[in-house]
Amino acid sequence: MSDAASAVPTELARLAALVDEALPAAVAPAMGRVRALHPSLDPWADELEGMLAAGGKRLRPALLLLGHAAVGGVDEQAVLPAGLALELLHTCALLHDDLLDDADERRGRTTAHVSFAETHRGEGWAGDHARYGAAAAVLVGDLAFVVADELFLAADVSAERLLSGLRAFTRLREEVMAGQALDVQAAASRLTSRELALTVAAAKSGRYSVARPLEIGALLGGASPQAAAALARAVEPLGQAFQVRDDLLGVFGDAGTTGKSAAGDLREGKRTLLVAEAAARLPGT
């Protein structure tokens, strides 16, 4: 392995630590405004802050910063807010994904929909506790989605670069939502194929986790749309591999290490590449 290649994980770790350090102060103003609306909103703001504080790989914001540096960007602080926006978007996705998967735990914490449902039950409030928990998880996720926009627009770059990066950020969001919808549809219809599994992996992770963050960072750093798109295409297979690895961990991984149940994907009937390959090898299929 070359010195340059071996240095990438070290640099990603440094950038992830930078994101960890910046996140609390970045979201504090928005959470302050939410809390100021009414005291009963404190737990909602607490949940979002708790999700962010619980850790995570911070891969997407780190890759955005790496993409910015790759095209000659030198002021990582200028584009750090856009990286934080990716982390807020990812938090939204996790909150919604946990609800869709009926997961009990994430990052060593009780998932939002379960936690809010328990509060509802414990307080003896009116209505169905599970429905309340689901509504709360959706709305906390939506709050993260909105704060992500606020943070992205705080990037200190020219208006032209910001608009270019925002367009790519919008495509990223379209793709991950479409990938999630395909995932849900495939599980419900029991549609199993390698092609579909790879399409879902590309949308949910290949572009969302790797290609688009690098592309956005490059655009914010002044790369042309053509050059940034070429960078995204070059690394998309790496992103697909990231999703396939995640699917394997979703079945064979240690829950204490991954922070989520190892039975969730199979219980939900997700048509991952692992499932598609298994089905293709079954007699008579």
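Analyst: The questions below set computed values against their cut-offs, and the model is a predicted one.

User: What does the protein chain contain, and in which order do its elements run?

Analyst: The protein chain holds 12 helices and 2 strands. From the N terminus the order is α-α-α-α-β-β-α-α-α-α-α-α-α-α. Buried residues account for 45% of its 285 residues.

User: What makes the contact of Glu-87 and Arg-58 a salt bridge?

Analyst: The N to O distance between these side chains is 2.8 Å. The cut-off is within 4 Å, between a side-chain nitrogen of Lys or Arg and a carboxyl oxygen of Asp or Glu. The pair of Glu-87 and Arg-58 therefore counts as a salt bridge. The pair links distant parts of the chain, 29 residues apart. Glu-87 sits in helix H4 (residues 76-101), and Arg-58 in the loop between helix H2 (42-53) and helix H3 (59-70).

User: Why are Glu-87 and Arg-58 called buried?

Analyst: Buried means under 20% relative accessible area. Glu-87 has 1% relative accessibility, so it counts as buried. Arg-58 has 3%, so it counts as buried too.

User: What is the phi of Arg-58?

Analyst: Arg-58 is not a glycine, yet its phi is positive, about 55 degrees. Most residues other than glycine have a negative phi. Arg-107 also has a positive phi of about 55 degrees and is not a glycine. Arg-107 lies in the loop between S1 and S2.

User: How do you know that Arg-107 and Glu-87 form a salt bridge?

Analyst: Their N to O distance is 3.8 Å. The limit is within 4 Å, so the pair qualifies. This pair too links distant parts of the chain, with Arg-107 and Glu-87 20 residues apart. Both Arg-107 and Glu-87 are buried.

User: Which residues are linked in a network of salt bridges?

Analyst: The network links Asp-20, Arg-58, Glu-87 and Arg-107. A search of the whole structure finds 16 salt bridges.

User: Where do Arg-212 and Glu-215 lie, and what makes them a salt bridge?

Analyst: Both lie in helix H8 (residues 194-220). They are 3 residues apart, about one turn of the helix. The cut-off is within 4 Å, so they form a salt bridge. Arg-212 and Glu-215 are both buried.

User: Why are H7 and H8 called roughly antiparallel?

Analyst: They pack at an angle of about 170 degrees, with their axes 9 Å apart. Angles over 145 degrees count as roughly antiparallel. H7 and H8 therefore get that label. Their crossing is left-handed.

User: How do you know that Ala-168 is buried?

Analyst: Its relative accessible area is 0%. The cut-off is under 20%, so Ala-168 is buried. Ala-168 lies in helix H7 (residues 159-189). Its C-alpha atom is separated by 8.7 Å from that of Pro-213, 45 residues apart along the chain.

User: What makes H4 roughly antiparallel to H6?

Analyst: H4 and helix H6 (residues 129-152) pack at an angle of about 165 degrees, with axes 8 Å apart. That angle makes H4 roughly antiparallel to H6, because the label covers angles over 145 degrees. H4 passes H6 in a left-handed crossing.

User: How does the span of helix H9 compare with the expected one, and where does H9 bend?

Analyst: Helix H9 (residues 225-252) has 28 residues. Its reach from first C-alpha to last is 40 Å, close to the 40 Å expected at 1.5 Å a residue. H9 bends by about 40 degrees at Val-235. A proline, Pro-237, follows within four residues. The buried residues of H9 include Ala-228, Val-235, Glu-236 and Asp-247.

Methods: Residues numbered from 1 in each chain as written. Predicted model: local features only at pLDDT ≥ 70, side-chain atom pairs only at ≥ 80, totals over all residues. Heavy atoms only, no water. Buried < 20%, exposed > 50% of the residue type's maximum accessible area, 1.4 Å probe, protein only. Expected span 1.5 Å × (residues − 1). Bend = angle between axes of the 7 residues up to and from the residue. Axes fitted to C-alpha atoms, helices over the stretch in contact; angles between N-to-C directions. Parallel < 35°, antiparallel > 145°, perpendicular 65-115°, else oblique. Left-handed = near helix turned anticlockwise from the far one by under 90°.
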